[in-house]
Amino acid sequence: MTVRVVVAESVVHGAGLVLPPEGTGPAESWFDHRARLGRGYKYLPPACQYLLAAARTALEDSGPEADPLAAAPELRGAVVGTNSAVAALHAAVDETVRREGAAALSPMSVPYFAVNLVAGRLSTEHLLKGFNLTVTSPRVAGVEALHLAALELAGGRAAVTLAGAAEAPDPRAADAEPEAGAALFVLRPGGGPVPAGGRVLRTVLRFVPPPALTGGEGRRLARDSVRQALDALRAGGPAPDEVELLADPSPVGDAVADALRSWCADRAPVSTRWSGARAGALAPVVRLAARPHPPGAGRRLVVTASRAGNVALATAHTPEHTD
C-alpha cells in the first residue's frame, strides 16, 4: 500500500538566527537581553528571549519594501517547534517546591511552565492574531513547525507566518548535546515570488513504526516510505548537493540512514550526525537557515528522525529566477 506523500511548500522572505558563539559551554553566559531586546525582557525564559531576538532579525532581513507585518493581524501566524525551551524552568520549579514550597515560586517566571507561552509572547509582540501553534514532537519539532506553517499558508489561514525553533539547554539532556538559541523564518505561500536572498522551502513528514523494523518486510516498507518522501521533495527542482541526517542511534535512525544513502547513491554524499535521544529541535532549522547556494544550484536536504518513529525531511534552494 502506498501512502500519499504531502509536500508543504513555502517561500522564505527572511531568516533570523540567534546562536551562541562556537565553543560556548552550556553553562556560559552569551546572550545580553538588554542589548538585543531592550528593557522589559529580564524575566522571560532564555529560549523566549532568543526567539524574540531571532524574530526581529528575520523581519529586518525580509526588507522594508515587503514588510511582512503589512498584512492584517488576522492574517499573521506563528508556529514554533521546541523540545527543551522551558526544561530548565521545570527543573527549577520542581526544586523550589521541594525545598521551599510553592509560595516561593516567582510570579514573573512560573507562568512559563506552559511551553506554548514562549511562542505566545512572539504573537503578542508582533500582533500575530491568525493562529499560534507550539510543536513539541521529540527531535523533529523544528521541521514539523515549518511544515505546519506552510500548510496553513496554503490553506489561506494566513498571508505570512513566523516559523522555526527555539531551545535552551535541558538539565536532563543525558547523552544529547544541549542546544541553545533560535532560528526563525518569515514565510509566505509557496508558488509566489522569491525575493533576492530568499529561497523555496519544501517539507515532508513520515512515520516509521519502530516495531515494524524487527522484520525484513517492515524494513523494506520503511525504506520505501522514506524514498517516496525523497522523490516527492526532489520533484520540480534541482537534485540535492548537500545532504545531512540528524538522528538517534536507533533502529529508526539506522533505517532512515540506509534509505537515504541508497537514494543518494548517485546524487550526493550523506553526512550523518548521531546524537542522543533527547536532542532538541533546533539543529535542522539552523541548517536550513544557512545562506543558500547561488540561484539554480542544488538543494540543501536535511533529514531528522527520532527513535519514536517520527521522520521529518526538508529541502531549501534558491531558484534561478527571483524577484
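User: Where does Leu105 lie in this protein?

Analyst: Leu105 lies in the loop between helix H3 (87-99) and H4. Helices (H or I, at least four residues) and strands (E, at least two) are DSSP runs, numbered from the N terminus. This is a predicted model in which local features need pLDDT of at least 70 and side-chain atom pairs count only at pLDDT 80 or more, while totals for chains, interfaces and linings use all residues. Residues are numbered from 1 along each chain as its sequence is written, and side-chain values use heavy atoms, with hydrogens and water left out.

User: Why is Leu105 called partly exposed?

Analyst: Buried means under 20% relative accessible area, exposed over 50%, and partly exposed in between (1.4 Å probe, protein chains only). Leu105 has 22% relative accessibility, so it counts as partly exposed.

User: Which residues are in contact with Leu105, leaving aside its neighbours within four places in sequence?

Analyst: They are Val93, Thr96, Val97 and Val110, where contact means heavy atoms within 4.5 Å. Val93 is twelve residues from Leu105 in sequence, and their C-alpha atoms are 7.0 Å apart in space.

User: What makes Leu59 a buried residue?

Analyst: Its relative accessibility is 14%, and Leu59 therefore counts as buried. The residue belongs to helix H2 (residues 46-61). Not counting residues up to four places away in sequence, Leu59 touches Pro68, Leu69, His126, Leu162 and Val186. Leu59 and Leu184 are 125 residues apart in sequence, yet 9.5 Å apart in space, C-alpha to C-alpha.

User: How do you know that strand S4 is mostly covered?

Analyst: In S4 (residues 160-167), eight of the eight residues are buried. Val160, Leu162, Gly164 and Ala166 point one way. Thr161, Ala163, Ala165 and Glu167 point the other way, and the residues of both groups are all buried.

User: What makes S2 and S5 partners of S4?

Analyst: Two strands pair if DSSP finds at least two bridges between them. Strand S2 (residues 76-81) is joined to S4 by six bridges, and the two run parallel. Strand S5 (residues 181-189) is joined to S4 by seven bridges, and these two run antiparallel. Gly81 has Ala165 of S4 as its bridge partner, and Ala163 stands opposite Phe185 in S5.

User: Why is strand S10 described as largely enclosed?

Analyst: Strand S10 (residues 310-317) has seven of its eight residues buried, so the rest of the structure largely encloses it.

User: Which strands pair with S10?

Analyst: Strand S6 (residues 199-207) is joined to S10 by eight bridges and runs antiparallel to it, with Leu201 opposite Ala316.

User: Why is helix H8 called largely enclosed?

Analyst: Seven of the eight residues of H8 (residues 282-289) are buried, so the rest of the structure largely encloses this helix. The buried ones are Leu282, Ala283, Pro284, Val285, Val286, Leu288 and Ala289.

User: What makes the phi values of Leu127 and Arg139 worth a remark?

Analyst: Most residues other than glycine have a negative phi. Leu127, in contrast, has a phi near 55°, and Arg139 has a positive phi of about 70°. Leu127 is in the loop between helix H4 (116-126) and strand S3 (131-135). Arg139 is in the loop between S3 and helix H5 (141-154).

User: Are Leu127 and Arg139 buried or partly exposed?

Analyst: Leu127 has a relative accessible area of 44% and is therefore partly exposed. Arg139, at 3%, is buried.

User: How do you know that the radius of gyration agrees with that of a compact globule?

Analyst: The radius of gyration is taken over C-alpha atoms, and the globule rule is 2.2 Å times the number of residues to the power 0.38. For 323 residues a compact globule would have a value near 20 Å, and the protein has 20 Å, so the two agree. The C-alpha atoms fill a box of roughly 60 × 50 × 35 Å along the principal axes.

User: What describes the protein as a whole?

Analyst: The protein has eight helices and ten strands, and 50% of its 323 residues count as buried. Of the contacts with a separation of 6 or more, 77% are between residues 24 or more positions apart.
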